[in-house]
Amino acid sequence: MTDAGLNTHGIDTSKAQSARMYDYFLGGKDNYPVDWEAAEKVISFFPAVQEMARVNRDFMHRAARLLAERGVRQFLDIGTGIPTAPNLHQIVQDITPDARVVYADNDPIVLRHAEALLHSRPEGRTTYIQADVRDPGSILAAAREVLDFEQPVALSLVALLHLVADDDEPHRIMSELRGSLAAGSHVALSHATGDFDPETWERVVEVYRKGGTPAQVRSRSEFSRFFEGLELLAPGIGLAEHWHPELGEQRGPGERIPLYVGVARVP
């Protein structure tokens with residue numbers, strides 16, 4: 001496990017934090033009263049946010065499984081969040097036992113629980129990097145200790161880019177990360193949108209910003225820009241529940257979870 005200078009005791013419980021709020025939405029217990037308050041405020045604005053967290057997690061599972069079934073044996077998951085079983089390595093190593101998985105996150109509470117991410121099958125390997133997506137060079141340097149970037153890698157940024165404001169240059173970040181990937185690699189992304197109810201999402205974003213997280217939802221066209229130069233897998237960019245839905249996952253008519261997703265191949 002690589003520790004890029006942050007210690008396990010640096011958890012700030014004076015402000016709500018996005019990973020802990022996400023854990024709360026999923027019904028986890030690694031959160032604090034300040035997170036409960038902020039999360040409940042989000043729920044009051046957008047009651048479906050807990051389902052949205054589950055839909056996002058289900059998308060990650062389906063995308064990881066699909067790529068492993070296509071023969072991908074290396075995964076770089078940035079913005080890992082607090083471990084919630086099944087984790088990505090458990091999914092892909094069930095299909096490809098020798099798969100290698102590198103997790104990266106910048107939250108000290110994720111580091112505290114990172115041991116749960118390191119229980120690899122003996123044929124494969126997992127590791128955790130404590131690093132910030134706004135410094136992709138550090139993530140790539142550490143990931144190269146485990147992954148062979150001359151071979152295909154699946155890069156996953158699930159529910160992360162809506163926590164990176166334009167001021168932090170998300171397209172520069174994506175360009176640097178994608179530039180490291182060999183042909184045949186894949187990129188999997190999910191992103192919250194305000195397309196269907198902009199006023200509600202302005203309120204939700206403000207809750208995160210007051211906690212110090214530079215949240216920013218984006219439109220479908222803005223999300224699509226992250227895939228420029230890549231070959232989208234069917235069914236392309238769309239709402240999460242429409243991306244390879246499994247039996248029982250389809251929602252009823254008129255119901256929408258405002259989460260765009262996509263998986264694309266590096267040509």
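Biologist: How many positive and negative side chains does the protein chain have, and how far apart do the centres of the two sets lie?

Modeller: The protein chain carries 27 positive and 39 negative side chains, with 1 Å between the centres of the two sets. Lys and Arg count as positive and Asp and Glu as negative, while His and the chain ends are not counted. Each charge is placed at NZ of Lys, CZ of Arg, CG of Asp or CD of Glu. The model is a predicted one, in which local features need pLDDT of at least 70 and side-chain atom pairs count only at pLDDT 80 or more, whereas totals for chains, interfaces and linings use all residues. Residues are numbered from 1 along each chain as its sequence is written, and side-chain values use heavy atoms, with hydrogens and water left out.

Biologist: Why is histidine 186 called buried?

Modeller: Its relative accessible area is 6%. Buried means under 20% relative accessible area, exposed over 50%, and partly exposed in between (1.4 Å probe, protein chains only); histidine 186 is therefore buried.

Biologist: Where does histidine 186 lie, and which residues does it touch?

Modeller: Histidine 186 belongs to strand β6, residues 186-192; strands (E, at least two residues) and helices (H or I, at least four) are DSSP runs numbered from the N terminus. Leaving aside residues up to four places away in sequence, its contacts (heavy atoms within 4.5 Å) include Leu67, Val153, Leu233 and Arg265.

Biologist: What makes histidine 89 count as buried?

Modeller: Histidine 89 has 1% relative accessibility, so it counts as buried. It lies in helix α4, residues 88-95, and touches Val101, Tyr103 and His119, among others, not counting residues up to four places away in sequence.

Biologist: How do you know whether proline 97 is buried, partly exposed or exposed?

Modeller: The value for proline 97 is 27% relative accessibility, and therefore proline 97 counts as partly exposed. Proline 97 is found in the loop between α4 and β3 (100-105). Its C-alpha atom is separated by 5.8 Å from that of glutamate 123, 26 residues apart along the chain.

Biologist: What makes the radius of gyration of the protein chain agree with that of a compact globule?

Modeller: The radius is taken over C-alpha atoms, and the globule rule is 2.2 Å times the number of residues to the power 0.38. For 267 residues the rule gives a radius near 18 Å; the protein chain has 17 Å, so the two agree. Of these 267 residues, 53% count as buried.
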